[in-house]
Amino acid sequence: MKFAYRYLFLFLIAVILFSCRKVDFKKESGSFEAFSEMVQAGVKPIALSSPMSTAEVELFLPEAKRIAQKYGVEVFREPNLIGTSLFDSSVVAEKEVLILYKGKNLEAYQLLKNDVFGLMSNGDYSASKKEAISRAFGRLLGYPETRINNLLAQNSDYRDLEDFGVKGQELIWFYRDLVVAKRFYGETLGLKMISEDENSATYQIAGDSKLVLKNIEGSNYSGREAKSVALALLTDNLETWYRYLQTKNVEIKYTLKVNPEGAHDGFVAIDPEGYLLEFEMFRMHPENERFIPELKSLEPLKTNLGSEYNFYASITWLYYKDMLPMENFMTQNLGLELSADQGWAKIYRLSNNSYLGLVDEKRGMNNFAEKKLVEVKFNLEEAEGWEEYLGKTAKDSVRLSGIFQDLGGYVFRF
């Protein structure tokens with residue numbers, strides 16, 4: 001009986017509201033129709049209407065059902081939306097939403113909501129567990145990781161590298177004979193030297209991408225560690241570089257391959273102590289649809305050899321046994337955006353001219369190694385802020401001040 005009275009009461013309120021003012025749901029109808037189409041197409045597993053009062057939902061529900069039926073999707077009335085760090089909770093306080101869904105996706109939402117109830121009942125719905133639930137809910141809404149990161153930054157303590165101002169990358173390699181290495185990169189490749197001292201030299205590849213050569217003597221390395229890394233030098237003048245390096249008797253590991261129908265062309269050279277240099281050019285291809293516009297906006301930097309001998313970006317290729325945890329690390333912990341997906345290799349943009357590439361060791365030029373003769377340095381505007389943030393959030397017991405190791409054992413400095 002109480003149930004019937006409640007709905008009679010709500011109906012009377014709706015009638016009163018409707019009679020007192022003209023109710024216009026044009027905006028809500030437009031967005032609801034757009035979301036219905038996205039759910040129907042599989043772009044979004046579920047979608048949410050704007051938060052509404054109970055009376056507004058009563059009035060809008062017939063129109064919502066009509067639109068959903070038009071697109072072959074379902075509508076679920078949700079009076080208590082799951083609480084996450086994606087949105088300000090006050091937005092849905094004492095409000096309802098309509099959930100658009102198809103197939104089993106409503107069940108996925110309800111299972112997630114049950115997890116929240118379980119964590120809340122144990123007083124454990126906070127910090128990393130709340131972030132994990134929030135990310136799962138974001139994916140259920142069809143949000144890319146970058147969108148989820150931005151929402152978490154607005155509504156929680158989450159931060160990523162971008163929040164601390166990424167200025168560029170330095171790839172650090174170690175040598176037994178630093179003099180020979182400097183001669184190779186400065187004279188043979190013609191890279192511009194930015195700085196040097198008796199134990200190191202820094203060269204500019206392009207823009208904010210740099211290569212640092214260090215003397216292995218006095219470092220924490222023995223020199224016996226694997227070189228589980230490769231550096232891709234991006235240029236549109238592959239044939240020019242290939243002919244030139246042959247005249248200089250530079251060792252070539254893989255000869256120049258050109259495939260007009262492929263995603264990229266290139267060849268691989270070997271530096272004096274065995275580090276791999278991949279001279280590479282990318283072309284328009286389904287896997288490069290986001291990558292190519294980024295590369296086209298970059299200005300090539302000529303080397304000391306002349307204007308034809310130039311580079312406009314670099315990719316630091318790192319090799320892993322298990323790719324998925326590292327993909328999550330790049331997008332969630334560091335907040336980097338995926339630029340190209342080659343299946344067994346992923347490319348993430350770090351700064352204007354610097355990219356990080358993850359490679360499945362089963363398919364790559366190098367194998368995974370526990371210890372490697374390489375470090376990656378991020379140049380940040382607020383390195384101290386990033387260090388403070390890591391101190392509060394990082395769980396890696398081997399992390400030192402200014403340093404952390406990723407899940408594959410690579411050392412990152414900042």
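Student: In this predicted model, at what angle do helix α4 and helix α5 pack, and how far apart are their axes?
Tutor: Helix α4 covers residues 105-121 and helix α5 covers residues 127-140. An angle over 145 degrees counts as roughly antiparallel, and α4 is therefore roughly antiparallel to α5. The crossing of the two helices is left-handed, while their axes lie 11 Å apart and the packing angle is about 170°.

Student: Are α2 and α3 roughly parallel or roughly antiparallel to each other?
Tutor: The axes of helix α2, residues 26-41, and helix α3, residues 54-71, come within 9 Å and cross at roughly 30°. Angles under 35 degrees count as roughly parallel. The crossing of α2 and α3 is right-handed, and the two helices are therefore roughly parallel to each other.

Student: What is the strand order of the open sheet of seven strands, and which are its edge strands?
Tutor: The pairing in this open sheet is mixed, and the order of the strands is β5-β6-β7-β4-β18-β20-β19. From one strand to the next the twist averages 25°. The strands that pair on one side only, and so are the edge strands by that criterion, are β5 (192-197) and β19 (403-405).

Student: Which residue of β18 is the bridge partner of E170?
Tutor: Strand β4, residues 166-175, pairs with strand β18, residues 374-380, in the antiparallel sense over seven bridges. The bridge partner of E170 in β18 is K377.

Student: Which strands does helix α7 lie across, and at what angle does α7 run to β7?
Tutor: Helix α7, made up of residues 178-188, lies across β4, β5, β6 (200-206) and β7 (209-215). Relative to β7, helix α7 runs at about 160°.

Student: Is L171 buried or exposed, and with what relative accessible area?
Tutor: L171 is found in strand β4. Leaving aside its neighbours within four places in sequence, L171 is in contact with K210, L211, V212, V229, L231, T316, V374, E375 and V376. A relative accessible area under 20% counts as buried, and L171 is therefore buried, at 1%.

Student: Why can strand β8 be described as largely enclosed by the rest of the structure?
Tutor: In general, the side chains of a regular strand alternate between the two faces of the sheet. In β8, V229, L231 and L233 point one way and A230, A232 and L234 point the other way, and all are buried. Strand β8, residues 229-234, is largely enclosed because the buried residues number six of the six.

Student: What is the phi of E94, and what is the phi of A127?
Tutor: Most residues other than glycine have a negative phi. E94 lies in the loop between β2 (74-78) and β3 (97-101) and counts as exposed at 81% relative accessibility, while A127 has its place in helix α5 and counts as exposed at 64%. Neither residue is a glycine, yet phi is positive in both, at about 60° for E94 and near 50° for A127.

Key: Residues are numbered from 1 along each chain as its sequence is written. This is a predicted model: local features need pLDDT of at least 70, side-chain atom pairs count only at pLDDT 80 or more; totals for chains, interfaces and linings use all residues. Side-chain values use heavy atoms; hydrogens and water are left out. Two strands pair if DSSP finds at least two bridges between them. Helices (H or I, at least four residues) and strands (E, at least two) are DSSP runs, numbered from the N terminus. Axes are lines fitted to C-alpha atoms, for helices over the stretch in contact, and angles run from 0 to 180 degrees between N-to-C directions. Contact means heavy atoms within 4.5 Å. Angles under 35 degrees count as roughly parallel, over 145 as roughly antiparallel, 65 to 115 as roughly perpendicular and the rest as oblique. A crossing is left-handed if the near helix is turned anticlockwise from the far one by less than a right angle, and right-handed if clockwise. Buried means under 20% relative accessible area, exposed over 50%, partly exposed in between (1.4 Å probe, protein chains only).
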